[in-house]
Structures are given as structure tokens and as C-alpha cells.
Protein chains: 4
Amino acid sequence: MNDRLFRIGVLGASGYTGAELLRFLVQHPHVEIACLTAGRNAGQPLASVFPQFLPYNLPDLVSNESLDWAQLKLDAVFCALPHGTTQPLVASVRLKSPSTRIIDLSADFRLHAPEAYAHWYGAAHTEPSLLQTSVYGLVEANRAALKDAFLIANPGCYPTASLLPLLPLVKANMLDTGDLVIDAKSGVSGAGREAKVSSLYCEVAEGFHAYGVGHHRHMGELDQELSREAGCAVSPSFTPHLVPMNRGMLATIYAAAHVSAEQVHAELTRTYQAEPFVHVLSFGQTPQTRHVRGSNHVFIGVVADRRPNRVILISTIDNLVKGASGQAIQNMNLCLGLPETLGLEYAGVLP
Amino acid sequence: MNDRLFRIGVLGASGYTGAELLRFLVQHPHVEIACLTAGRNAGQPLASVFPQFLPYNLPDLVSNESLDWAQLKLDAVFCALPHGTTQPLVASVRLKSPSTRIIDLSADFRLHAPEAYAHWYGAAHTEPSLLQTSVYGLVEANRAALKDAFLIANPGCYPTASLLPLLPLVKANMLDTGDLVIDAKSGVSGAGREAKVSSLYCEVAEGFHAYGVGHHRHMGELDQELSREAGCAVSPSFTPHLVPMNRGMLATIYAAAHVSAEQVHAELTRTYQAEPFVHVLSFGQTPQTRHVRGSNHVFIGVVADRRPNRVILISTIDNLVKGASGQAIQNMNLCLGLPETLGLEYAGVLP
Amino acid sequence: MNDRLFRIGVLGASGYTGAELLRFLVQHPHVEIACLTAGRNAGQPLASVFPQFLPYNLPDLVSNESLDWAQLKLDAVFCALPHGTTQPLVASVRLKSPSTRIIDLSADFRLHAPEAYAHWYGAAHTEPSLLQTSVYGLVEANRAALKDAFLIANPGCYPTASLLPLLPLVKANMLDTGDLVIDAKSGVSGAGREAKVSSLYCEVAEGFHAYGVGHHRHMGELDQELSREAGCAVSPSFTPHLVPMNRGMLATIYAAAHVSAEQVHAELTRTYQAEPFVHVLSFGQTPQTRHVRGSNHVFIGVVADRRPNRVILISTIDNLVKGASGQAIQNMNLCLGLPETLGLEYAGVLP
Amino acid sequence: MNDRLFRIGVLGASGYTGAELLRFLVQHPHVEIACLTAGRNAGQPLASVFPQFLPYNLPDLVSNESLDWAQLKLDAVFCALPHGTTQPLVASVRLKSPSTRIIDLSADFRLHAPEAYAHWYGAAHTEPSLLQTSVYGLVEANRAALKDAFLIANPGCYPTASLLPLLPLVKANMLDTGDLVIDAKSGVSGAGREAKVSSLYCEVAEGFHAYGVGHHRHMGELDQELSREAGCAVSPSFTPHLVPMNRGMLATIYAAAHVSAEQVHAELTRTYQAEPFVHVLSFGQTPQTRHVRGSNHVFIGVVADRRPNRVILISTIDNLVKGASGQAIQNMNLCLGLPETLGLEYAGVLP
């Protein structure tokens, strides 16, 4: 790594994941922010949408359509656009600027099988050949492939929180993959910045509820990655819930194990001992979302269930950071050959 | 029922369940509040602790010790005292005022086996013979016995939310009782009004966490009631979580079923069709805590899990109402021969 | 008053003030709910919008246009419709059903001068003659006129919280009306249930801000009522703020006084001593929004400012109750000849 | 500035301001954390109190008493101890390690007059001579003196939010200093991490209230600094309020001006145009606490009041950052000769 600045773009900078990318990027020592795009806010300064960036010198928002990809010569671009809108855009960038690394925060390139995409997202994928070339950006599970990737599908928040504790155990054949329950809880920023009644303060504050019970799109990612690792079809029970908090995610996972809970704990500890962002707590300790709030860290706890031969795993991330924008920058660092933790070393914000 | 006023006392009126009892009692058409007690606030008006009662004419707080039970001639008394402190007091009231119905909101009389009490609460029960006479106050499951009860053990909030959907299904032999997972979430008022760091605003707001993982006192009640109904030992996996909200509770229950999810739904619908407070939603619909906030209602949803032969049950209560003070008044109405819903007909407060 | 049921309608039952009206009306002993209307939810049961009403037997939502006013024979109707939409509807109801009392919760009939309406709401009033006949529904200030009113303009929340402490002092000529500062704070439900970005959970939670600084529509009501009482033009400084809470309102008022703070306190105490809903705290005590949450009560505190000859007044209401739907029902009781407190005797919900 | 690491200590690392200091210090490029102290948590790792620091390599907590000041050779030490406990400790550090810069986050050295300290804090100051040597650490107002200071009294949060907009206007003689109203609102972390009922989640969430009405300790600082700048006694009306949010502070200031609101705006804009952390919004724009959440930035808005010759100023800070720990690090940078913004360049966290 030398001291050069990499030219970076953010498509969809007026949403929460876009703003979160910029929170990290304005501080990143090797990044030059070359362009920011938005839809109806194109033409305005970013600070008109997100006043927190008033003190920072950033390019104005422009439309996606106005970008001259050949001339921009971006080293990397983040796509933080709504699900379903990214496919033709990514195809176009790959064509016009083949040396630009693309990190897509939408769900459009996460499911490698076009039929799985069609099943979970209700429409045919328009770029099935590109789909084959995308690399699933769960860094700790896929680091080698990501270094050379040109199209990175940044994982969903629920899969990130669930797969990090589960994949090493599935790999070690420690769990009964036919008997998994993932009860997951998310802060509200996961619903994005779209104006809808169900995201209003008065519909969310001072209350709690499950949603997508029995059928949620992130099941597609969970199944794909767990099945790949297990070598057989795995379909956990999965229920997401909405917590009245801005950010944070916690997954409580109930599993039948072939080994003791202590052995499960030892395996996870061993797997993640050198990871900068994944931390396995002492056996029996459990994490809180506020311990990782605002940070790219993941905390995992392992507890013996009182039912014999069963273990309870609890993992927590910040859904906007390790669950979205932080992991995206971790992927950027990786594919640009930068130290993986650069610009991401923040501690959790408590309170 | 005639128009007489029943003389009622509340022991421990300066805690949240005490205040919640009074919120209902000041409006109850057949109640005369004869005495209110508190510890260090004895001697003060209730409004000095809870200013919301300023507009109401209520007796001042006195100490438990100052009460002359024989002279008070209470028809019913609520004990809203900390766990472990109620046993000798209840014994004394039974002795000095045998016609007074006692509704105990603590955990002291919920576990009928003294050894179970000792296991979960870490001390020998001081009144094991009284323990045998107490009736578990889950009204919908135990109505007949409660009408004649003199010592009612008001259920815990987690058991109330869990048992109402589970007991009828266990009774109908529809579930595999060896494979139950109860993932439960509670508002903060369940922790009471004691000054402790873990209940501070900054330690609770904008975050979420599990607690008591693998070992929580309410497991004792769950096991007792489920095992009784099943006729064999039942010990579900159970994990409570803390939600940043004042009140509300939601249990997400994962179960293997011998019948279809639709049959599970039909059984619950049939069981509760005439109940004034328990409402089974249409098949596939799921409830939110805010739908029952401030009310004595229980909403239950039934969804088919995507894993075959499995069902997801979601139930919600207000932990301070049906999970504590509302159910206590329901029990009072029942044992005093009043209409069960009297003073409890409130709709949920949303927003 | 006899035991008859009065036939009541609610126009706009799918908003927060509509839901709040129904929370009280379903429990009101002399009310029969004859019709509920909504816009795009017409045709559905109310419980499909507000599941908290699932346990209650209520008419389905219909459109305003479908109502046959002559046949409905309503004793009273609540209009809980958006500002600006109520004028022709009210005119039509007055014509077709002249014996129906109308309680309008919008701002359409609060400003008696058509030019004031045009100034603050940016459009000419379409029913200026009706405007003259409307009675401003601040009960404690206007009780006599309200008993005979057929068109009641229910006050805004900020004016209710501000005028109750100020009007008696202006009337007693105790304040310098040229030097008033009203710094007011509201919960989020005051913004209604419309889907807009500024009301999203993530734009409101964990933050605080002023809005409408220097120019807010409720200034029109404040000026009208204060000027009427003072007999000269009064225009206080007024700044509203948004608090991350569902409901509640608190006004902190800074005033120069011709008398001592103790005399100010005595005057307010004297004025409100017999009022069922307005409570003046002991001198120096100050109220909290949570003391009146969910209730129709108003708490007022009086403190001496450390600057000489100045007083600080703090008043609190629930913006959805005394600031909207509760006061509307108080007005209904009044104009129908019922006891004013009927169905409104609830204590505050804390926590 | 060279690349050396400065040796830094934090006394009182187990409170919120201590944790917040460490959030910035673990990332500061020129800081070596040499010691951390705590009271009853001495002997434990910091992560046992604040798990967010688990991923960071930090010294264990020790007691204040166990420190060998001569041997420690700290370049700077932060005192984040409760008010009233810092005086003898500071005296001791000054004596034993005279080259150590002390930045005191308590109120103990903010009021230069011992009699003012006694008035506002209710006890005689034990180190009145040291009091004379302390420098008030409001950086933007006092930069020159702070560079050479050995004892810096870090300002209170309310004074910081209030003085930054007011001091330049008082200096320019633009305001009537006899007619100032400061209505201020703070998040809950300002109350610290002590276990007390008034800071419990259920006593704070979903509500709002004023406290210290008519008499609050920060009035002493406000009066001292405003009077110094004005050259005459200034005592604004000041009311603090508690907002249900973890962090953030907003002051709404009502003032009579000798000049137009536009001229007030121009003066503030001119004063702060080169400041890295203080940002004056466009005329008529107003800030939100969430725009500066987690950051050291200050946003100030200026609006013309509708009352003639009056202006409304709104300023916002994060009470834990610019209102405490961030400003303390700004002071550290300054007195150690480092670039003032080092380790503090973070953007606000929204959502």
C-alpha cells in the first residue's frame, strides 16, 4: 500500500446506508470522494439532505444518469440503491469502466441462482451472467475470493448476524442443521428512509413486533450460504422483529449440537481469535447491541441451553455498519489492497 | 352482585405494579380503597411518589406494620411487594383476617412444590403449608378454582404470555412438548422501580439484549404449568430479552406440531372464542405489543413455519396489565363474585 | 341527564385523534357509535387500521360521501379530518342535520376573523359566516357558551397548554402581555399519521429540535385568545419543539409580572380549585408530561424566576387528550348536557 | 509537532464521560493510554464495565490512590470524577507531577470566585489558590490562554451550548443583556451513571420535564462568563429540561437585540467562519441535536423573532462530546501543542 488516494463514488447517497458510508469515508485516509448520486435530491449539496455533513467538503449530489463512467475513473463504487434497481446499472458500470470495483449494498447480486432470486424477489434477474461473477461479501468467510472480486454482493444484515456464528460450526459439523431456529431483532434503520406509515415514530416507538413471519427475503441468503457450507439443503426457522431503536441487530439462535456447548464455544473462539472485528465472549457471557453501536464489531456469545445437547448462540452487530456500510468499506479495503480495518477502527458508542 | 363497595388494600403501592393496580382501581365502580402501604415512603400521600394520582382522593401511604388487620376488614388485598418478602405477611393476614382474599403479585406462592421454590429462588419457603393452598391465577386456565380461592398467586408476565397460547395445545396433545422454544421480549417496567445501573435510561434506550440466558426464574412456572397439563415433564428452551420500551411483552414460540398449523389455529380460536380478554387473530396474522398497550387484552397469532410440521405462535400482553396488575384485578373480580371484566374494559393505547 | 344513549359519529377515524376519540368513546356509558368514516380505508373494519379495537364491536369504516345525514340523526359528530378539508363538510352537516352538534378537531373554525384564517392558513375561508357562529372550545375558559354551541372549534394542543395558565393571569392583569415567551415541546403524535420522512422513527428518535421557529400556525389562536382577554393586541414569542415521545406536551412560559410569583400562584390556584381536570401544583413544584399521559388532566407549576419581577409557568397536557380528543369529548359532554367528566376520569399512565 | 506518543491518564474511566474520552482516545494517533482509574471497579478490565472496549488493548482499572504520580510521568490527565471530589486530587497532582497538564471535567475549577463556588455548590472550595490558576476551557473563547494552561476547567454542557452563540454577541454589544431567556434541553447521559430512580428508563422514556427551575448550578458559569464579557452583571433566565434521548443538547435563546436579526447572524458567521467545530447555519435555518450526535461539532441557527427587535438563537451540541469529553480532548490537543482537531474529526451519527 502506498499513500495514494483512491477515487470512490457512492450511488444512492441520500439513504441511510449512503449516509453511513460517508460517515466512514470522510475520515478514511486513502479515499477521495469523487461523486455522490441521488434521485430527487440530485443538484443539491449532500448537507441539504444530511446536515451532519455540513462541516465536510463533499461533491454535490448528481443523478446516476449524469455520470460519465469512462472519465470518472473510479477505483471503487458503492451502490446503495433500492433492491431491484441495481442490475442494469451494475452491468453498465462493468462495461464502461471495467477496472472499477463495485460493492453493491442491495440484494440484487447476493443469490447466485437466478431461480432463487426470482423466488425471493418476485421477478426474473436481468443480468444472470453477472450474477455468476459476483462474490458474496461476508469477509470473514470469503476473504480470499473477495480480494480479486470486481463485483461484490455485500451481505444482508440478518445473514451477517446469523452466518458469522453459524458457518464455522456447520463447517466443523457440530450442529444438527435440520433443527435451527434464528430469532432475530433489528433496529428501525434497516427499513430505510422511505416515507411509509409502518416506519413512523408513533408506529414503532414504545412497541415491538415480529414481521415477515414464515417468509422473509433474507431466508434466501441464509439458505444459500448455510447449504453451501453444509453440503446439503439447510432451511432454518427464521423470524425477524422490529426493535424501537435506530440501529442495532441481535440474533438469538437455538441449535441442537453434536458436541457440548463448551466445544461449540471453543470452535468459535479458535475461528475468530485473529479477526479484528469478530469477538467471541467468554463462555456464558452474552452481548448487547449497544456494545457495538456505531462500530464494525461483531460480538458473539455462547450459552448452554438447559435442554440437553442444545446450545444458544447470541450475536450482535450494528445493522448499518457490519450489517451494511461498514462491511462494504471492509470489502473496499480488501479489494483495493488496503489494510482491512482502515477507517473502521471505531469503538462502540455507549451511551 | 349488588351495588356494595368492596374494601380493598394495596400493599406496596409505590412500585410500578402498585401504581398500575391503582390506575384501574380508582375507576373501578365497586371498589373502596381502604389502605395503601409503602416502605420508606410511608407517611406521604401517594401523589408524592406518583403525581398522576394528584387528582384522586386516596388514603396516604402507611407502613405494612401499622395495619390493624382485624379492624380493617378488607374484602381483598393485593400484595405488590418484592419477591421473598411476602411469605410471613401473607401468613399473618390469613390468620388475622381469614375472610380477606389475598392476591399476591410476587412470585412467592406460584410454585407449589417447596423444592421447586428453593431451586429457583435460592431459599427455603417459610410457609410451605400455605403454598399448598394457593391457586395459580391464570384466569383463563383456572377459572373455577379461582372463584373460591383465598390465596391467589398472580402469574408472572412471561408465563402468562407463554402459557395462554401453549396450554390449550398441550391439552389437545397437538405439540411435541419435548421441542419447544420460547423467545420472549419484555419492556423495562418488568424490572421494577429499584434504582440499579442496569435499568438506567442510558443502559436500556437505543439497545437490545438477552438476559438470564439458560436460567431464568420464570422457567419454574413454565415447567410447572406445562408439565401439569402434559402429564409429563416439560422444559422448554426460554430466553427473555429487554426491549427499550416502558411496557409490553411479546413471546415468539417455535414448536413441532402433530397437526397442521391451521388445526393449531382452529384449536386456539375455539378455546378462546368466548373469552373477553384473549383474542386469536386470523390465521397468518401476527400481533404487536402496542395493540394491547395499557389494556388487559391478549392477542395471539398463529403462522405456519416454513419448516414442515412446525408452527410459530406469537402472543402479546402488556406486562404490567395482563402480566401483572390487570390480571390481579381480574382475579379480584372473580373471587369477589363480580363480573370478571369490571374496571378492565380499556382498549389499547396507540400511539 | 337520563340513561339514553346518544348517537355519535366520528369523521376521520383512521388518524391518531380519531383513534383516541374511540379509545374513550368505546367506554363512554352514554354513547352509541353510529358511524365511522375514513378515506382510503373506507370499506374496512376499524380494526384493520387500528387492531387495538379488535375486541370491540364497532361499525365498519365508510366514506364521508356515503353518509345520509338526515337519516343518521346523530346527536353529535366529531370531525377529525385534516386542516382545510372540513369547511364545506361542516356547512353541509349544519344544513342537512341542524340538530347535530359538531365538534371540529381541525383548525378550520378556530380563528373568528376570516383574514386571520387566510393569514395563518394561506387560503380564503370558504364559510366565513359559519366561522362567526363557531365557539372556541377551551372548556375552562368558555364553558357557558359551549353548552349551547352547535359548532365547536376544538382548540389546538399548543394553545390549550399555553392559554390555561395564561388567560386567568391576563384577565387579572397580573402580567406584562408585551413580554411573553412560550417555549413549547410536543410528542410526535401531534404530526399525525401521514407518511412523511420528517416523522419517521429514525428522523425523530434519539434527537430533539425546534420547528416553525418564528412562524407557526398556532400563533393565530394564541394571539386571538390572549388579545381578547387582554383587550389589546398580544403576540408572544412562541417556539415549538419535537420531543422523541409518542404523546405529551409541555409549555415553559417566561413572563414579567406586576405581582409576585406567589400571587400568580394564588390566582391560578383560586381559578382552578374546582376544576376536575386542571390542577395547580404547590408553589415551586413543576409537572412532567408522564404525569398526565393518556389522561385529560392538566398540571400547572409556578416558580419564581431568579430575575426579579418575573415568573416561570410550566404546564403539561397529553397532546392527544386534553390537547385534542379528550377535550373534544369534554365538549361533547357539555353540549349534550352530560356530566362534563363522563368517560374521561382516567388517571395518567406511568410508566 | 513530532510523532511522539503522549502519555495520558483518565481518572474516573467507569462513568459516561470517561467512556466517551476513551472512545476518542483509543483512536487518537498521538496518545498512549497510560492509566485508567475507577472506584469500586478498580482491579477489573475496563471492558468488564464497558464491553464496547473489549476489542481494544487498554490498561486495567486501578484506584486513584494506587497511582505513583512521579513515576507515571503523564503528559496530561483527564479528571472525570464526580463534582466535589476533585479538589484535593488536583492539588496533589499539581504538586507531585507539575509538568502534567490537568483537564478537569468536573465543575470544581470552573468558578473563579470561591464565594461563587460556595454559593452554587454549597461547600467551601478547599483549594482557592489553585482556583485562581485554572483556565476556563471554552476553546473558541479562550484559545490563547489554554495553550499554556496546566489546569483546565472543562466547561459544563449547558454553558458550552449557551455561551458559544451568546459571547460574540455580548462582546459586540448587540444584545440587551438584561433580557435573556435560555430554555435548554439535554439528553439523559448528562445525569451520569449513578443508580437513581429519576434516571431509570421508565422515569425518563416517553416523557419530558423541566428540572432545576429557577435554580441550577450551571447558572454560576453562565453568569461568570457572560458578566466577564459584558463588563457588568448578567443573569439570564435559564431552565434546563430532560429529553428522552441518550445524548444531545439544544438551547433555545430568546434575546432583545440592538441590531437586526440579520446583523446578529452576520456577526456569528464572521466570528466562527474559520472555526473547525462551530458552524453557523444559513439565516433562518435551525439545527437538530441529531446533526451533531457523537461529534464535536456545534451548529447554531439564527431566526428573527416575530416580536420586533428580538432574535431567537438555537444552538446544539452533543452533551457528552463538545459538552464534555470532546471539548476536553480539544483542550488536551491545544495544551500539548497538537493540531486542535486531532482525533475529533468525526461526523455526526444519523440515524
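Let's start inside chain C, where Tyr158(C) and Phe238(C) are both buried. Keep in mind that this is a predicted model.

**Aromatic rings**

- Over all chains, the structure holds 21 aromatic pairs.
- Back to Tyr158(C) and Phe238(C): their ring centres sit 5.3 Å apart with the planes at 75°, so this pair counts as edge-to-face.
- Tyr158(C) belongs to helix α8 (residues 157-171) of chain C, while Phe238(C) is part of strand β10 (residues 237-242) of chain C, so the pair ties together parts that are 80 residues apart in sequence.
- Chain D has an edge-to-face pair too, made by Phe24(D) and Tyr346(D), with 5.3 Å from centre to centre and 70° between the planes.
- That pair links distant parts of the chain, 322 residues apart: Phe24(D) is in helix α1 (residues 16-25) of chain D, and Tyr346(D) is in the segment after α12 (321-335) of chain D.
- Are Phe24(D) and Tyr346(D) buried or exposed? Both of them are buried.
- Ring pairs also join Phe24(D) and Tyr346(D) with Phe24(A) and Tyr346(A) in a cluster.

**Where chain B meets chain D**

- On chain B, 19 residues are in contact with 19 residues of chain D.
- Between them, the two chains bury about 1700 Å², and 60% of that is on carbon and sulfur atoms.
- How many salt bridges are found across the interface of chain B and chain D? There are 2.
- One of the salt bridges pairs Arg193(B) with Glu203(D), and their closest N and O atoms are 2.9 Å apart.
- The interface of chain B and chain D also has 10 residue pairs in polar contact, counting those with both residues at pLDDT 80 or more.

**A closer look at Asp318(A)**

- You'll find Asp318(A) in the loop between β14 (310-317) and α12 (321-335) of chain A.
- Asp318(A) has a relative accessible area of 1%, so it counts as buried.
- Its side chain makes a polar contact with the side chain of Arg247(A), at 3.1 Å.
- Leaving aside residues up to four places away in sequence, Asp318(A) touches residues including Gly248(A), Val292(A), Arg293(A) and Ser295(A).

Key. Residues are numbered from 1 along each chain as its sequence is written. Chains are lettered from A and ligands numbered from 1 in the order in which they are written. Side-chain values use heavy atoms; hydrogens and water are left out. Contact means heavy atoms within 4.5 Å. Buried area is the accessible area (1.4 Å probe) that two parts lose on being put together, summed over both. A salt bridge is a side-chain nitrogen of Lys or Arg within 4 Å of a carboxyl oxygen of Asp or Glu. A polar contact is a pair of N or O atoms within 3.5 Å; within protein, one must be able to donate a hydrogen and the other to accept it, and residues adjacent in sequence count only if both atoms are side-chain atoms. Rings of Phe, Tyr and Trp (its six-membered ring) pair if their centres lie within 6.5 Å; planes under 30 degrees apart count as stacked, over 60 as edge-to-face and the rest as tilted. Helices (H or I, at least four residues) and strands (E, at least two) are DSSP runs, numbered from the N terminus. Buried means under 20% relative accessible area, exposed over 50%, partly exposed in between (1.4 Å probe, protein chains only).
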